[in-house]
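Dear colleague,

Please find below the structure that I am handing over to you.

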Amino acid sequence: TTGKPDISREKSAELYEKAKTYFPGGVNSPVRAFKSVYGTPLFIEKGDGCHVWDADGNQFIDFCCSWGPLILGHNHAKVREKVVEVIQNGISFGAPTALENELAELILKHNKFIEKIRFVSSGTEAVMSAIRLARGYTKRDKILKFEGCYHGHSDSLLVKAGSGLVTFGETSSAGVPKAFADETIVIALNDKEALQKAFEEFKDQIAAVIIEPVPANNGLLLQHKEYLQYLREISAQNGTLLIFDEVISGFRLGFEGAAGYYGIKPDIITYGKIIGGGMPVGAYGASTQIMDTISPVGPVYQAGTLSGNPVAMGAGIAQLTELLRSGFYRDLNAKAEEFAEAIQRFATARNYKFKVFTIGSMFWFAFTDKDIRKAEDIDPASMEKFKIMHRELLNRGIYLGPSGYEVGFVSSAHTKVDLEKAKRAIFDSLDLVFRG
Ligand code: PMP
């Protein structure tokens with residue numbers, strides 16, 4: 001197998017050079033800089049359905065979908081029309097609007113896990129606020145997180161594990177005071193013993209355990225249901241709140257996200273951009289009792305000029321209305337499952353050391369033969385193979401997020417024909433990786 005010739009990136013390269021004079025590293029969010037894959041980052045000009053086009057006119061089938069929220073694909077007519085309708089009346093008031101009620105009702109009516117919600121403007125903000133809420137509610141300071149789970153870039157959460165079973169977090173970023181990291185305990189996923197030990201060692205000190213119930217920011221590290229149930233139990237026994245960070249899994253696995261999928265009720269749930277149809281939105285929700293700890297009712301302060309922004313609410317209303325249509329998730333998940341299975345069958349038949357981890361409409365390509373359930377099981381050297389694959393897939397018109405640690409998303413806009421085309425390109429790229 002020989003690789004396809006590289007696509008033209010002339011215009012993207014020009015834009016990138018300019019961007020480097022304006023932004024650190026030429027980007028407004030680091031992964032976009034293509035640091036762990038080949039070549040200059042592609043500057044995207046437009047998206048429609050499952051396709052995106054870059055500045056050089058290259059067309060791709062997109063499996064990044066703005067990192068997940070575009071579950072209906074790009075430029076969905078219903079979402080666009082609602083946004084256009086809303087902006088006729090102005091774009092921001094910093095005052096309540098009926099649109100907030102409407103979106104909240106859509107969510108709460110169809111979600112048995114939360115009773116009240118608050119809208120914010122990003123996943124980072126949602127999680128940061130949920131942590132403050134948990135600390136305010138329990139009157140405890142420490143939080144426990146898992147290595148390999150990403151929860152946005154707020155200070156308490158930018159910490160990773162050191163060695164040993166239970167450790168204090170070590171910051172993952174300069175600029176995070178050690179004192180903050182000291183309040184964050186980090187343990188490995190899928191490890192009951194580490195969990196028990198943490199609760200023993202920090203008895204009555206842990207305000208919240210936070211987890212992505214479907215960890216999807218460091219590969220797709222699927223957890224056993226029993227483990228998540230254990231997490232629920234041990235948190236409750238210790239007076240610790242369980243936070244499900246569903247910024248990715250929420251409204252993706254199903255309308256009730258991972259909580260609904262596993263049938264586990266966390267104490268607080270955080271959501272992200274998917275509830276705004278891809279607009280800048282996040283949210284956190286819980287029982288009325290817990291939520292009423294938030295200002296202006298309770299003592300925990302949290303606010304935002306753009307919170308509940310009408311344009312974002314409008315996009316969210318349009319998108320979630322589509323998701324509630326009967327059979328939406330059944331069809332989407334069946335399509336994605338068929339796609340992932342076909343790729344796995346191909347790789348297995350050829351004895352390639354390659355696995356497709358998948359759940360619902362999310363998938364992750366891993367160059368391994370192991371059953372990966374925690375961050376340390378991922379071999380960093382395998383990322384070299386992803387790099388070859390990523391370059392080849394771009395050359396064959398398939399856009400994956402620019403890192404082997406990122407998951408892919410199938411949207412309802414991906415047709416069977418698109419997925420067939422993508423499969424063939426993926427098969428060819430695997431042949432190139434393994435046979436050269
Ligand atoms: N939590 C999770 C689980 C995420 O995946 C992300 C980012 N995708 C965040 C929080 C942060 O969200 P944002 O980038 O919108 O701030």
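Predicted model: local features only at pLDDT ≥ 70, side-chain atom pairs only at ≥ 80, totals over all residues.

Residues are numbered from 1 along each chain as its sequence is written.

The domain assignment (bounds of this kind come from an automatic or database assignment) gives domain 1 as 10-75 + 327-435 and domain 2 as 78-323. Their centres, taken over C-alpha atoms, are separated by 26 Å. Domain 1 brings 24 residues to the contact and domain 2 brings 26 residues; two residues are in contact if their C-beta atoms, placed from the backbone, lie within 7 Å. On the side of domain 1 that touches domain 2, helix 11 (328-349), strand 14 (355-359) and strand 15 (362-366) are the elements that give two or more residues. Strand 15 gives the most, with three residues. Helices (H or I, at least four residues) and strands (E, at least two) are DSSP runs, numbered from the N terminus. By class, this side of domain 1 has 16 nonpolar, five polar and three charged residues. Here Ala, Val, Leu, Ile, Met, Phe, Trp, Tyr, Cys and Pro count as nonpolar, Asp, Glu, Lys and Arg as charged, and the others, Gly among them, as polar.

The largest nonpolar core has 125 residues, and those with the most contacts inside it include Ala130, Ala134, Leu220 and Ile243. Such a core is a set of buried Ala, Val, Leu, Ile, Met, Phe, Trp, Tyr and Cys residues joined through C-beta atoms within 7 Å. Because domain 1 and domain 2 both give residues to this core, it lies between them. Leaving aside neighbours within four places in sequence, isoleucine 243 is in contact with residues including Ala130, Ala134, Ala208 and Ile268.

Isoleucine 131 is placed in helix 4. Isoleucine 131 is buried, with 28 other C-beta atoms within 10 Å; the term requires 20 or more.

Finally, UniProt, in an unreviewed entry, places a "coiled-coil region" at residues 185-212. Over residues 185-212 the chain is 36% helix and 32% strand.

With kind regards

How values were computed. Buried ≥ 20, exposed ≤ 12 C-beta atoms within 10 Å, placed from the backbone. UniProt positions renumbered as here; feature names shortened; annotations may be inferred.
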